[in-house]
Amino acid sequence: SLGVDRFFFVDNDSNDGTTEYLQEQCDVHIYWTDQSYARARSGIQWVNHLVEEHGVDNWCLYVDVDEALVFPHSEKCGLRKLLKYMDDKGQEALYGFMLNMYAPDLASVPRGDQYMDFLMDYPLFDSQYFQTKDTYCPYVFTSGGIQHLYDSIAPQTKTPIIKGGRGIKFLRSSHEISPASLSDVTCVLLHFKFAGDFKQCFAQEASVEGRLPYCKRRHMDYLIALENFSSGESLGSDVSVAYQSSQQLVELELIKTTDDFDAMNFE
């Protein structure tokens, strides 16, 4: 409904029913491997191969399962209007950052497979983020949000959309890409890392063999910080905001739009 034609998944030898579910979908292509996720540079080699194989002359959207893409007017215009705008402007990549969403009490509660009420149960984000110059495209390093809980300097910048067939590669997930002409409209990825039974997920990530060492350390830092977070304590602060819309994010200067993009017909 947002304007995606085909979905590509890399099944890293899963055994939880994911493959069977995906095989029932009419617009899905599944690739399977039992190779090491870490040795594939956290899977990015697989993703870049799919872009080169299937992305020529196509726009390619790369997001994680716990992310939701938001850009100016995304509630009513979908991807096709945005990508036409970028085509007309000669732009090759949409960039932004992860906006970490959370519940006020940071509860770690298991959810069923059909769970969809993310914005209802995890409505808050911190409105204070900072950007500095970076060496690699999109040349921005983003920090802030609830990362202050664990003093993390993990990269939050992301470039989820690129134009295929231009030799553009994802680097370090999509935190960095090879050089490209960047959009003047930007985005966020609502990041629900602190949703569901995230403490169990962090413990698994900190010990699983398929993760790179720095990823394991990062998830261990999460667990240590959560142990120091008192049960029932509120995460609310003077920069906590409940999510409402993409226009809200424009007004908070977390995403950018342009007069030309705003003037498009979104009906």
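The second largest pocket is lined by Tyr95, Gly96, Phe97, Tyr129, Phe130, Gln131, Val140, Thr186, Cys187, Glu253, Leu254 and Lys256. A pocket here is an open set of points on a 1 Å grid over the protein atoms alone, where a 1.4 Å probe fits, with protein on both sides within 12 Å along at least five of seven lines; lining residues have an atom within 4 Å of a point. Strand S5 (93–100) and strand S7 (129–133) are the elements that give two or more residues to this lining. Strands (E, at least two residues) and helices (H or I, at least four) are DSSP runs, numbered from the N terminus. The volume of the second largest pocket is about 190 Å³, taken as the space filled by probe spheres set on the points. Its lining comprises seven nonpolar, three polar and two charged residues. Ala, Val, Leu, Ile, Met, Phe, Trp, Tyr, Cys and Pro count as nonpolar, Asp, Glu, Lys and Arg as charged, and the others as polar.

The model is predicted: local features need pLDDT of at least 70, side-chain atom pairs count only at pLDDT 80 or more, and totals for chains, interfaces and linings use all residues. Residues are numbered from 1 along each chain as its sequence is written, and side-chain values use heavy atoms, with hydrogens and water left out.

The largest nonpolar core has 19 residues. Such a core is a set of buried Ala, Val, Leu, Ile, Met, Phe, Trp, Tyr and Cys residues joined through side-chain atoms within 4.5 Å. Leu99, Phe125, Val188, Leu190 and Leu249 touch the most other members. S5, strand S12 (187–191) and helix H7 (246–251) each supply at least two residues of this core. Another core, of 16 residues, lies apart from it and includes Leu69, Phe71, Val185 and Cys187.

Leu249 lies in helix H7. Its relative accessibility is 0%, so Leu249 counts as buried. Buried means under 20% relative accessible area, exposed over 50%, and partly exposed in between (1.4 Å probe, protein chains only). Leaving aside residues up to four places away in sequence, Leu249 touches Val70, Leu99, Phe125, Val188, Tyr243, Leu254 and Ile255. Contact means heavy atoms within 4.5 Å. Leu249 and Cys187 are 62 residues apart along the chain, and their C-alpha atoms are separated by 9.2 Å.

Val239 sits in the loop between helix H6 (213–227) and strand S13 (240–242). Val239 is buried at a relative accessible area of 17%. With residues up to four places away in sequence not counted, Val239 touches Phe125, Asp126, Ser127 and Gln128.

In helix H2 (residues 44–54), the buried residues are Ile44, Trp46, Val47, Asn48, Leu50 and Val51. They pack against strands S1 (7–11), S2 (28–32), S3 (59–61), S9 (157–163) and S10 (170–171).

The whole structure contains 10 aromatic pairs. Rings of Phe, Tyr and Trp (its six-membered ring) pair if their centres lie within 6.5 Å; planes under 30 degrees apart count as stacked, over 60 as edge-to-face and the rest as tilted. Tyr85 and Phe261 are edge-to-face because their planes stand at 65°, with ring centres 5.1 Å apart. This pair joins helix H3 (residues 74–89) to helix H8 (residues 259–262), across 176 residues. Tyr85 is buried at 4% relative accessible area, and Phe261 is buried at 0%. Ring pairs link Tyr85, Phe261 and Phe266 into a cluster.
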